[in-house]
Amino acid sequence: MFWGKVAGNAGFFVAVLMLARGLGPSGRGTIAFITVTALVVARVAGLGVAEATTVYAARRSELRDVLLSNLVFFMFASSLIAAGLACVALQLLGDERPAGLGQSELAILIAGTLASALVEAGAAFLLGCGRLRRLALTTATASWVYPVLLAVVWLSAGLTVTRAALAWVAAETLRAFLLLLQSSHGLALVRPRLGLLADSIRFGIKVWVGSFARFLNFRIDQILMGLLASEAALGIYAVAVNASEVLLYLPAATATALLPVAARAEPGQQGQHTLRAFRSAALVTTGAVVVAASLGPLLLPVVFGTAFRPSVEPFLWLLPGALGFAATAVFSNALVASTSPGLSSLGPLVSLVVGIALDFVLIPRFGATGAAAAASTAFLAGGSVAVSAYARRSPFAWSALLLPRRGDLEVLRALARPLRAGP
């Protein structure tokens, strides 16, 4: 999962680099608004059904064919409705909506929302079935379609905001197709079962509150930047976010892999899996933060160009939040796996509330740096609450959380294993 995420995000990073070089801060800001809004709307429309399907598919393998049909049907219908409502809302804003967001871009937004929802559906189902290799392989390869399409467009017709957005939608559509193709392997095509779908929605809504809040913590600041600041400021901040997200790959992969493992584990073993996962993720993330703080200020202007030199300061402010993200991701997923969806939402909700409040205070005055400081503070606050919520559900000694154990560094050998294995 980690190396799949690294390879996939490397492709996305190349795409971001091309967008920054080809469109400049303002164009990069418009693309960020379109893609982020599509991702947020798709997550809103999901109502946690994808997360519920992950848990149900891990525990009730005999129902996987029905679960997949329910998931695809619901995600397609709900995302189409939500995308239409979002575009109507943006239309009503009139001149208040971000510049460069015309009729063509709104149509692209609808298509991107549908594709994003189906990507989420396929990934959630593969995760619940424990098909992590297939998920990792698709993640590693499909993400490179986007920069390839951008390169073709740039060299042939020239890069514009509309063409770049279309390339993103095409790449996401292909990713969704591949994920759903892998998900359907070995399963029969069956009709959706509304009773089971209702059960998934009831369970999913409890999880959705937290998972959506955690997802929104990554996106809401960019949407608010687009509304409260200029497109150029959003472009500066988007580059800082893209660079700092490298630190989140391991915690995200750890939390993702933990969910089906903990869901199938005996209650006495769930706590051991969770604490070890967090210690391992925290050790590697701390080392990565130190390296990023040393090299980031030197590399960002070189890689993205001097126009993005102002991205350095918000990048540095974003780094401490990586540890808070690790705590939130690991312990919230552990609570979902232990069938405590309500508690799993506390950490992400705290992050969201703190982040939005600080965004409104800091963005108008400090721009991208204010958004970065708000994001880090929010992640650290949410991580602390997530740890406390898990301790309430499954009490543990604080030394088990903070003191490294000998087996924690096994994660480094595990990470190196795919590299030694070769093709």
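# Notebook: helices and a few residues

I began with a pair of helices: helix H5 (residues 132-142) packs against helix H7 (residues 161-183) at an angle of about 165 degrees, and their axes lie 10 Å apart. An angle over 145 degrees counts as roughly antiparallel, and H5 and H7 are therefore roughly antiparallel to each other. I also looked up the hand of the crossing of H5 and H7, and it is right-handed. From H5 the contact takes Arg134, Leu135, Thr138, Thr139 and Ala142, and from H7 it takes Arg175, Leu178, Leu179 and Gln182. Sorted by class, the residues where H5 meets H7 are 4 nonpolar, 3 polar and 2 charged. A note to myself before going on: this is a predicted model.

**The whole protein.** Next I stepped back for an overview. I found 18 helices and 0 strands in the protein. The protein has 423 residues, and 56% of them count as buried. I then asked how far apart in sequence the contacting residues are. Among contacts in the protein with a separation of 6 or more, 84% are between residues 24 or more positions apart.

**H7 again, now with H4.** I went back to H7 to look at another partner. How do the axes of H4 and H7 cross? They come within 8 Å of each other and cross at roughly 25 degrees. Angles under 35 degrees count as roughly parallel, so H4 and H7 are roughly parallel to each other. H4 passes H7 in a left-handed crossing. The contact of H4 with H7 holds 15 nonpolar, 7 polar and 3 charged residues.

**H4 by itself.** I checked the length of helix H4 (residues 103-128). Its 26 residues, at 1.5 Å a residue, should span 38 Å, and the C-alpha atoms at its ends are 38 Å apart, which agrees. Is H4 mostly covered or mostly uncovered? It is mostly covered, with 20 of its 26 residues buried. Just after H4 I noted Gly130, which has a positive phi of about 75 degrees.

My next stop was helix H1 (residues 2-46), where Gly29 is found. Gly29 has a relative accessible area of 1%; buried means under 20%, so Gly29 is buried.

Is Ser26 buried or partly exposed? At 38% relative accessibility, Ser26 counts as partly exposed.

**From H1 into H2.** I moved on to the loop between H1 and H2, where Leu47 lies. Leu47 has a positive phi of about 55 degrees although it is not a glycine. With a relative accessibility of 29%, Leu47 counts as partly exposed.

Of its 11 residues, 10 are buried, so H2 is largely enclosed by the rest of the structure. For anyone who wants to find them in the model, the buried residues of H2 include Val49, Ala50, Glu51, Ala52 and Thr53. Further along H2, I listed Thr54, Val55, Tyr56, Ala57 and Ala58 as buried too.

Conventions. Residues are numbered from 1 along each chain as its sequence is written. This is a predicted model: local features need pLDDT of at least 70, side-chain atom pairs count only at pLDDT 80 or more; totals for chains, interfaces and linings use all residues. Side-chain values use heavy atoms; hydrogens and water are left out. Axes are lines fitted to C-alpha atoms, for helices over the stretch in contact, and angles run from 0 to 180 degrees between N-to-C directions. Helices (H or I, at least four residues) and strands (E, at least two) are DSSP runs, numbered from the N terminus. Angles under 35 degrees count as roughly parallel, over 145 as roughly antiparallel, 65 to 115 as roughly perpendicular and the rest as oblique. A crossing is left-handed if the near helix is turned anticlockwise from the far one by less than a right angle, and right-handed if clockwise. Contact means heavy atoms within 4.5 Å. Ala, Val, Leu, Ile, Met, Phe, Trp, Tyr, Cys and Pro count as nonpolar, Asp, Glu, Lys and Arg as charged, and the others, Gly among them, as polar. The expected span of a helix is 1.5 Å times one less than its number of residues. Buried means under 20% relative accessible area, exposed over 50%, partly exposed in between (1.4 Å probe, protein chains only).
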